[in-house]
Amino acid sequence: MATQLPGWKDKVLFTPGPLTTSRAVKQAMLRDLGSRDFEFIEAVRDIRQRLVELGGVSAEEYTAILMQGSGTFAIESVLSSTLPPDGKLLTIVNGAYGRRIVEIASVLKIDMAVLTYPEDSVPDLQEIEACLTADRAVTHVAVVHCETTTGIINPIAEIGALAKRFGRHYFVDAMSSFGAVPLNLAECGIDYLVSSANKCIEGVPGFGFVLAWRPALLGTEGYARSVSLNLLAQWVGLERDGQFRFTPPTHALLAFHQALLELEIEGGVEGRAARYQANHETLLAGMRTLGFECYLSPEQRGYIITSFRYPTHPNFIFETFYQHLNRRGYVIYPGKVSSVDCFRIGHIGRVFESDIMDLLAAIRETLAEMEISLSPTPTENLS
Ligand SMILES: Cc1ncc(COP(=O)(O)O)c(C=O)c1O
């Protein structure tokens, strides 16, 4: 049986998702709605409309398609449904999620070009331009917005401008940023954007979603390489009668609807961005005082998740550190950087500055317990 803390309070998740959600979001799932019921269909309609609005665009230009499964399923849906048989994908990679796009495309046997950058660097726009100039076969360009591997934010508007200049379709994996980093899909030239329910909109896992530029989507008839992940067919079904083709995650969708209402109350994307930014700044200042160092330089860092280098102290063992914090009710996240030992702390989900202060106090106690004393990190290494 899962252990519960006294008072039935769950541990606080400082992870990139699933995240800590509000009580009302969890309570929204205490209902059994039929998937063909008008009340459920109305919730789905409202969710789709709100998602388009969050992208800063109109429903005449863009449409939202909900796809069962985790975020990766929605990515796979776009890649398997929108490239023509003779299409070629240029993927820009600076982390594990960029590499995942490459993996999916290669399983799908999609012709590909890949530009790879170090995990602590943003892609080089001149190189992307040179690649698009040289390789006329490229039909689609793909990049991750917030590369959750490190927390780096990639320049999606600039890459989008290049893709448009060369007349290429543009796909953005905005899994861990959408809803908390202000963005206008049309201004960024995005044809397809993917995110999922359990990230910055603060719902629970169960589905991903695609925001698609209608003219691009409508031109993909016959391209799908999968039945269940067929993006156009899923859209046709949702448009026809508001229903999913196959069993939808009804409870997760009700939770997500509630999460969208809470996002609106918080002040929309800007309001959420302000809270996450405050969480991030409080965390960084506290971690600096405790002697931790960020993996990314200040100009590369986003406010979604932060990678911290392992301290060099001989007593630091990440698993022990993790377990101590876990016992205190705080869940942090292992690192994903390939070449450097790091751990990650997310600032997203239903967490506030007071939670960050509690986490910092728990980290201080944990360090004392592990007999680790560190000198505060010099200010220039952290913002
Ligand atoms: C940028 C990015 N892309 C893709 C994924 C994969 O999402 P999922 O684990 O929901 O399949 C994640 C998950 O954290 C992510 O952060």
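Me: A nonpolar core is a set of buried Ala, Val, Leu, Ile, Met, Phe, Trp, Tyr and Cys residues joined through side-chain atoms within 4.5 Å. Which residues have the most contacts inside the largest nonpolar core here?

Reply: Leu51, Phe178 and Ile201 do, in a core of 82 residues. Helix α9 (residues 250-265) supplies the largest share, 8 residues. Another core of 26 residues lies apart from it, with Leu283, Phe318, Leu360 and Ile363 among its members. One caution: this is a predicted model, where local features need pLDDT of at least 70, side-chain atom pairs count only at pLDDT 80 or more, and totals for chains, interfaces and linings use all residues. Residues are numbered from 1 along each chain as its sequence is written, and side-chain values use heavy atoms, with hydrogens and water left out.

Me: What does Leu51 touch, leaving out residues up to four places away in sequence?

Reply: Its partners are Ala64, Leu66, Phe178, Ile201, Phe209, Leu211, Phe256 and Leu260, where contact means heavy atoms within 4.5 Å.

Me: Why is Arg48 called buried?

Reply: Buried means under 20% relative accessible area, exposed over 50%, and partly exposed in between, with a 1.4 Å probe and protein chains only. Arg48 has 10%, so it counts as buried. This residue sits in helix α2 (residues 38-54). Beyond its neighbours within four places in sequence, Arg48 contacts Thr63, Ala64, Leu66, Trp235, Leu238 and Glu239.

Me: And how do you know whether Val172 is buried or exposed?

Reply: By the same cut-off: its relative accessible area is 0%, which is under 20%, so Val172 is buried. Val172 belongs to strand β8 (residues 169-173); strands are DSSP E runs of at least two residues, and helices are H or I runs of at least four. Outside four places in sequence, Val172 is in contact with Val143, His145, Ile156, Ile190, Tyr192, Leu193 and Val194. Its C-alpha atom is 8.3 Å from that of Asp191, 19 residues away along the chain.
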